[in-house]
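Q: I have a structure on my screen and would like to learn how to read it. Could you walk me through some features?

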Amino acid sequence: MKVIWEEEDIIVGRKFKLLGTNETWIIGYIPTCVGKEKYVNISLCDGMVTTPISAEWMASILTDAGYLPIELC
């Protein structure tokens, strides 16, 4: 299954994952970041937090990597 993520799909608190893996991620944000680059991904497995990026860039990354919203898994 392929999902095309859009900027509007980047919602804080939304969970996502790759099919066939145990690791689940959640979309978060850093409120002190200035500009569009404030969204992060947080691993629910080990708590790792990614570098802040824009919603547009995150949507592109999630689409290219094949991540699915948890409600589709």
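Q: Is C33 buried, exposed or in between, and what decides that?
A: Buried means under 20% relative accessible area, exposed means over 50%, and partly exposed lies in between, using a 1.4 Å probe and protein chains only. C33 has 25% relative accessibility, so C33 counts as partly exposed. C73, at 43%, also counts as partly exposed. This is a predicted model, where local features need pLDDT of at least 70, side-chain atom pairs count only at pLDDT 80 or more, and totals for chains, interfaces and linings use all residues. Residues are numbered from 1 along each chain as its sequence is written, and side-chain values use heavy atoms, leaving out hydrogens and water.

Q: How many disulfides does a search of the whole structure find?
A: A disulfide is a covalent bond between the sulfur atoms of two cysteines. The search takes a pair of cysteine sulfur atoms within 2.5 Å, and finds zero here. For C73, the closest cysteine sulfur is in C45, 15 Å away, which is too far for a bond.

Q: In what order do the strands form the sheet?
A: Strands are DSSP runs (E, at least two residues), numbered from the N terminus, and two strands pair if DSSP finds at least two bridges between them. Four strands make an open, antiparallel sheet in the order 3-2-1-4. Strand 3 (39-43) and strand 4 (68-69) are the edges, each pairing on one side only. Strand 2 and strand 3 share five bridges; in strand 3, V40 is the bridge partner of G28.

Q: Why is strand 3 largely enclosed?
A: Four of its five residues are buried, so the rest of the structure largely encloses strand 3.
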